[in-house]
Amino acid sequence: MKGKSGKLFIFSSILTFLLAMFFSQCIDKDKPKADIRGTAYADPATCIKCHKEVYTNYNQTGHYHASQPVAANHLQAGIAATDSQFVFNDSVKIKVEKRKSGLYQVAYFKGKKVRDERFDIAFGSAEKAQTYAYWRGKKIYQLPLTYSTSAHNWVNSPGYPANLVYYNRLVVGRCFECHASFADRKFVATGGLTVDEEFDKDAMLYGIDCQRCHGPAANHVNYHTENPGDKQPKFIKPYKSLTRQQKLDMCGVCHSGSDLKAERSTFNFHPGDTLMNFFDPAFGAVNHDPDVHGNQTKLLAMSKCFANSATMTCTTCHSSHEKETGNLVGYSQKCMTCHKAEDHNFCKMAPKLGDAITTKCVDCHMPALPSKVISFKMTDAKETSPYLLRTHRIAIYPEQTAGVLQMLKNNHNKR
Ligand code: HEC
Ligand code: HEC
Ligand code: HEC
Ligand code: HEC
Ligand code: HEC
Ligand code: HEC
Ligand code: HEC
């Protein structure tokens, strides 16, 4: 008898334990998750409760997709579907292969497989390009092939040798500082003078989230949850309270080029901070020829529009939460908030252009120019294809003007 009730006791204890586990998990699901950045940060998913429209629009942007983990069926259909290979020469090629455990970049020498690594992380939303990386232990390495959206094909990753398969380039924390919300990184000595960077797989926050721009918001969320009647924002820095330089710094964290040497992690940058304090002044030498890639802040500063107006910032033309790429008509309208047809400072070309002018400001004054630091080598080709970006030095470009005029003439003749 004793044995039976003992067993019953053990059985009911286990049942109680399992039920307790089950219910505690249910309760946990409703409780906001802790954020790996610390208690000052709210669970990124909670913003949707009170900012639904901003949140759902924002999830379509390049910022939101600036980095992400790659799942087996994750890459856009087009990428996975192409006859995916990159040919270096007669004996060396890399193929993109789909397997049960994911997508791989597989290197072949004279038809024999020599190396394969999996797509684990994607950098870039693939607006123009997407680069990939794989984990080995705590280190992250870049994969040799990048996808070029404009070429609809695989290209040699920027800066990679043209005749050599190369899997050993480390991905550094700086990539994540501009492409993610957080990455827990440690520096480890590798002997000699070199250090490697190691990451914690479980402490990565991919993509750029709300708090990356707006700063930690746990107190904001707690306050407004407890005071639903208060419509004045609390415990969050309103953008309009920032000075012009502070506004520019809020975007400049990731749009001031990568030629500056960071002294402190820019993950700790919050709106209102001074960006220059994050960089080593000795390496912050003035660059008189900023590249179109990643350096919109300095190029814009070289424009007369910026220098001669008191208010121009990035948000004069860009909305922060919406995907707006390709809406060049909309951008031209922004120009005309300051350059009106009836004013003395309107375009001198206006008489020549007629109605066409109202939609084409940007094509002549902010042309897409090739980056000097990034270009892609095409498969089996000797030549490289350029990485084109809109210059933010708003100015007069005679060559591009000639091109646009020719295009308008051709369109006119066709009609
Ligand atoms: C945490 C780094 C970071 C911050 C802060 C940041 N950006 Fe970006 N931005 C990026 C990256 C990375 C991309 C490339 C995204 C991709 O992969 O397409 C980008 C892309 C863009 C684009 C191209 C369009 C698009 O959606 O892809 C615009 C415009 C832009 N940023 C404007 C801004 C403005 C304006 C601000 C300030 C309000 C800002 N950015 C702040 C990192 C940042
Ligand atoms: C790239 C930086 C950036 C990111 C990321 C970002 N914001 Fe903003 N946000 C801004 C800027 C700049 C402004 C002020 C100017 C404007 O309205 O464009 C702003 C304004 C706001 C405002 C007040 C005005 C409005 O548009 O309603 C709210 C609320 C807001 N953001 C919430 C969010 C939430 C929620 C997220 C995440 C889903 C988010 N933001 C992501 C830069 C950003
Ligand atoms: C419980 C409701 C609630 C939650 C959750 C919430 N907010 Fe807000 N937030 C508000 C209210 C109320 C305002 C003021 C009215 C407005 O601008 O919508 C506000 C305003 C803002 C503003 C604009 C400040 C300004 O005026 O420039 C930003 C930025 C912002 N919130 C960011 C966030 C972020 C990021 C999150 C998620 C981490 C978040 N909020 C979650 C209630 C909330
Ligand atoms: C200083 C900030 C910064 C750093 C560091 C940085 N990026 Fe970027 N990256 C950007 C910005 C801004 C853009 C978008 C516009 C541009 O090129 O100016 C971008 C664009 C890209 C794109 C194209 C995205 C698209 O949708 O077309 C890829 C791919 C990319 N970066 C990969 C990387 C990798 C890999 C690293 C590290 C080796 C890295 N980036 C380091 C800021 C940065
Ligand atoms: C915030 C107001 C503002 C906006 C928006 C603006 N500009 Fe300007 N722009 C100016 C000012 C101020 C000048 C200096 C000349 C003057 O005072 O008339 C200027 C000068 C120029 C010049 C002469 C440059 C030179 O080197 O001689 C061009 C071209 C120009 N703008 C084109 C544009 C275009 C194209 C856009 C839209 C992409 C634009 N601007 C948006 C204020 C603005
Ligand atoms: C006078 C208007 C104007 C201002 C101010 C402005 N931009 Fe832009 N930006 C544009 C236009 C136009 C494009 C091209 C959009 C397109 O092709 O879809 C663009 C494109 C971009 C891109 C994508 C690059 C590309 O070639 O696709 C980034 C990143 C960007 N802007 C960042 C910024 C940042 C950061 C600031 C502030 C330092 C800023 N912009 C200020 C007009 C402006
Ligand atoms: C077909 C190319 C083209 C287009 C489209 C175009 N511009 Fe221009 N713009 C030029 C050229 C070239 C000049 C210099 C003309 C000169 O000095 O004789 C110029 C001059 C200017 C100037 C300087 C005027 C001054 O005071 O000297 C401004 C400002 C300007 N454009 C703004 C604009 C705006 C705003 C738009 C769109 C509404 C626009 N442009 C559309 C080619 C163009």
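In this predicted model, a nitrogen atom of ligand 5 is 2.8 Å from an N or O atom in the side chain of H339. This is a polar contact, a term that covers pairs of N or O atoms within 3.5 Å; within protein, one must be able to donate a hydrogen and the other to accept it, and residues adjacent in sequence count only if both atoms are side-chain atoms. K304 also reaches ligand 5, with a polar side-chain atom 3.3 Å from an oxygen atom of the ligand.

The model is predicted, and local features need pLDDT of at least 70, side-chain atom pairs count only at pLDDT 80 or more, and totals for chains, interfaces and linings use all residues. Residues are numbered from 1 along each chain as its sequence is written, chains are lettered from A and ligands numbered from 1 in the order in which they are written, and side-chain values use heavy atoms, with hydrogens and water left out.

Around ligand 5 there are 16 residues, of which C305, C335, C338, H339 and H365 come nearest; a residue is near a molecule or strand if one of its heavy atoms lies within 4 Å of it. The helices α9 (304–307), α10 (328–335) and α12 (357–365) each supply at least two residues of this shell. Helices (H or I, at least four residues) and strands (E, at least two) are DSSP runs, numbered from the N terminus.

Ligand 6 is surrounded by 20 residues, and C314, C317, H318, G326 and H392 are the closest. Three residues of its shell come from α8 (296–301), the largest share.

| Residue atom | Ligand 6 atom | Distance |
|---|---|---|
| K128, polar side-chain atom | oxygen | 2.6 Å |
| H318, polar side-chain atom | nitrogen | 2.8 Å |
| G326, polar backbone atom | oxygen | 2.6 Å |

The iron atom of ligand 6 is coordinated by H318 (NE2) and H392 (NE2), at 2.0 Å. Donors are N, O and S atoms within 2.8 Å of the metal (3.2 Å for Na, K and Ca); water is not among the atoms, so sites may look incomplete. The site is octahedral because the six donor atoms subtend angles of 87 to 180°. Six donors count as octahedral if opposite donors are over 155 degrees apart and all others between 65 and 115. H318 lies in the loop between α9 and α10, and H392 in the loop between β14 (384–390) and α13 (398–414), so the pair ties together parts 74 residues apart in sequence. H318 is partly exposed at 32% relative accessibility, whereas H392 is buried at 15%. Buried means under 20% relative accessible area, exposed over 50%, and partly exposed in between (1.4 Å probe, protein chains only).

In ligand 1, H63 (NE2) and H255 (NE2) coordinate the iron atom at 2.0 to 2.1 Å. This site is octahedral, with angles of 87 to 179° among its six donor atoms. H63 lies in the loop between α2 (52–58) and β1 (67–69) and H255 in helix α7 (residues 244–255), so this pair ties together parts 192 residues apart in sequence. H63 is partly exposed at 37%, and H255 is partly exposed at 31%.

The largest nonpolar core has 18 residues, of which F119, Y132 and W154 touch the most other members. Such a core is a set of buried Ala, Val, Leu, Ile, Met, Phe, Trp, Tyr and Cys residues joined through side-chain atoms within 4.5 Å. A second, separate core of 13 residues includes A133, A180, A183 and F267.

Definitions and conventions. Tetrahedral: all angles 85-135°; square planar, octahedral: opposite > 155°, others 65-115°.
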